[in-house]
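Biologist: I have a model open and would like to go through it with you. Can you take my questions as they come?

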Amino acid sequence: MTGRVLVRNRTGHALHLTGCLEFFQVALASRTYHPAVAWPLCLQRLTIPAGRSAYRVTVRASYSECAQGPPQDGMLSCLPGGRPPPLPPGVYRARLFQFRPLAAAPAAVRVRVTAPWTAR
């Protein structure tokens, strides 16, 4: 699913930071699953304008990583095409992760993941 991270920069001026492609990610976590959030490796100048701005995020109901080949080190095997497998049904929390701490993260949002629908 897609979402938006809303930022209110009250400094009165644009914030110029270095990062790679995005400032924010939202990932699902539970009591037993804590995602490994990775950031692309590049260095570019990013700007958060003064005032309000919005940043699009994609939230996936899948593991954040997988093993190519047989399961290893607690990671499940990747699906065809190298995609991570889906998370098991249950209650998760959508948590905000920041490339660099810009502000206090908001409270996590409760999300229920259900089994994929299959046609009979």
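Biologist: What percentage of the 120 residues in the chain is buried?

Modeller: Buried residues account for 28% of the 120. Buried means under 20% relative accessible area, exposed over 50%, and partly exposed in between, with a 1.4 Å probe and protein chains only. This is a predicted model, in which local features need pLDDT of at least 70 and side-chain atom pairs count only at pLDDT 80 or more, while totals for chains, interfaces and linings use all residues. Residues are numbered from 1 along each chain as its sequence is written, and side-chain values use heavy atoms, with hydrogens and water left out.

Biologist: How many helices and strands are there?

Modeller: The chain has 0 helices and 7 strands, giving the pattern β-β-β-β-β-β-β along the sequence. Both are DSSP runs numbered from the N terminus: helices are H or I with at least four residues, strands E with at least two.

Biologist: How many aromatic pairs does the structure hold?

Modeller: There are 5 aromatic pairs. The rings of Trp 39 and Phe 99 have centres 5.5 Å apart and planes at 75 degrees, so that pair is edge-to-face. Rings of Phe, Tyr and Trp (its six-membered ring) pair if their centres lie within 6.5 Å; planes under 30 degrees apart are stacked, over 60 edge-to-face, and the rest tilted.

Biologist: Where do Trp 39 and Phe 99 lie?

Modeller: Trp 39 is in the loop between strand S3 (24–29) and strand S4 (44–48), and Phe 99 in the loop between strand S6 (90–98) and strand S7 (109–113), so the pair ties together parts 60 residues apart in sequence. Trp 39 is partly exposed at 21% relative accessibility, and Phe 99 is partly exposed at 26%.

Biologist: Which residues form an aromatic cluster?

Modeller: Phe 23, Phe 24 and Tyr 55 form one.

Biologist: Changing topic, what is the phi of Leu 21?

Modeller: Leu 21 has a positive phi of about 70 degrees, although it is not a glycine. Most residues other than glycine have a negative phi. Leu 21 sits in the loop between strand S2 (15–19) and S3, and it is exposed at 62% relative accessibility.

Biologist: And what about phi of Asp 73?

Modeller: Phi of Asp 73 is also positive, near 50 degrees. Asp 73 is in the loop between strand S5 (51–58) and S6, and is exposed with a relative accessible area of 77%.

Biologist: Last one: what size of box do the C-alpha atoms fill?

Modeller: Roughly 55 × 30 × 30 Å, taken along the principal axes.
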